[in-house]
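Visitor: I am new to this structure. Could we go through it together?
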Amino acid sequence: MKILVIAAHPDLNNSRANKALLQGLNKNNDAIHIRKLYELYPDWNVDTEKEQALLLQYDRIVLQFPFYWYSCPPLLKKWFDDVMKPGWAYGPGGNRLVGKEFLIATTTGGSDKSYRSGGDNQFTISELLRPMERTVTKCKGTYLPAFVCYNANALTYEGLEREANRYAEHIRTLMPVLAH
Ligand SMILES: Cc1cc2nc3c(=O)[nH]c(=O)nc-3n(C[C@H](O)[C@H](O)[C@H](O)COP(=O)(O)O)c2cc1C
């Protein structure tokens with residue numbers, strides 16, 4: 001399975017969690033191709049044709065980012081706007097992503113217990129990721145269960161390493177196993 005990871009962290013140099021997750025992938029699997037969106041597009045001028053062509057080459061697209069205000073950092077939102085075009089991703093003639101697997105991987109400051117009804121953040125991550133889920137299903141892609149690294153800022157070095165191993169395994173797990 002060919003996996004593309006699109007990592008969207010505005011300041012990877014000062015990241016702990018997302019940096020550790022990416023380092024774990026480099027260590028664990030060289031078949032995974034990583035693209036760091038903020039480094040590729042410092043001017044935010046997303047190359048639509050290039051991004052679209054890349055998506056076609058992979059079976060599974062992982063969108064990795066720190067959870068910011070219950071959503072993704074803004075360059076990833078722009079990536080969606082610039083890449084998921086009518087006539088290509090959806091609408092009449094827009095069938096290029098049919099069946100392609102998409103998986104969200106995010107790190108949160110909040111704990112797992114805070115992301116539930118009655119918890120501090122009130123909603124589950126699955127609920128809060130609905131707009132991205134619907135973007136994928138609108139394009140007839142397959143939306144897979146997300147990977148979430150909770151409590152990211154409080155994790156020790158060992159904790160981050162554990163999460164990185166869990167991440168590397170999660171994104172390589174085949175759909176029937178991930179979804180059941
Ligand atoms: C602008 C901003 C918004 C944030 N919003 C949230 C949020 O909505 N929910 C949450 O749990 N954490 C939030 N956080 C915490 C980040 O998710 C956390 O610092 C990040 O996942 C840690 O990853 P890193 O070490 O790779 O930066 C926010 C942080 C920033 C800077």
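Guide: Let us begin with a helix. In helix 4, residues 74-83, the buried residues are Leu75, Leu76, Trp79, Phe80, Asp82 and Val83. Buried means under 20% relative accessible area, with a 1.4 Å probe and protein chains only; helices are DSSP runs (H or I, at least four residues) and strands are E runs of at least two, numbered from the N terminus. This is a predicted model: local features need pLDDT of at least 70, side-chain atom pairs count only at pLDDT 80 or more, and totals for chains, interfaces and linings use all residues. Residues are numbered from 1 along each chain as its sequence is written, and side-chain values use heavy atoms, leaving out hydrogens and water.

Visitor: What do the buried residues of helix 4 pack against?
Guide: They pack against strand 1 (3-7), helix 2 (37-40), helix 3 (48-57), strand 3 (60-66) and helix 6 (130-138).

Visitor: Which residues have the most contacts inside the largest nonpolar core?
Guide: Ile6, Leu55, Leu63, Phe65, Leu76, Trp79 and Met84 do, in a core of 34 residues. A nonpolar core is a set of buried Ala, Val, Leu, Ile, Met, Phe, Trp, Tyr and Cys residues joined through side-chain atoms within 4.5 Å.

Visitor: And which element gives the most to this core?
Guide: Helix 4 does, with 5 residues.

Visitor: Turning to the ligand, which residues come nearest?
Guide: Of the 16 residues around the ligand (a heavy atom within 4 Å), Ser15, Asn18, Phe67, Thr107 and Tyr115 come nearest.

Visitor: How far is the side chain of Thr107 from an oxygen atom of the ligand?
Guide: An N or O atom in the Thr107 side chain is 2.6 Å from a ligand oxygen. For Asn18, the corresponding distance is 2.8 Å.

Definitions and conventions
Polar contact = N/O pair within 3.5 Å; in protein donor to acceptor, adjacent residues only side chain to side chain. Buried < 20%, exposed > 50% of the residue type's maximum accessible area, 1.4 Å probe, protein only. Contact = heavy atoms within 4.5 Å.
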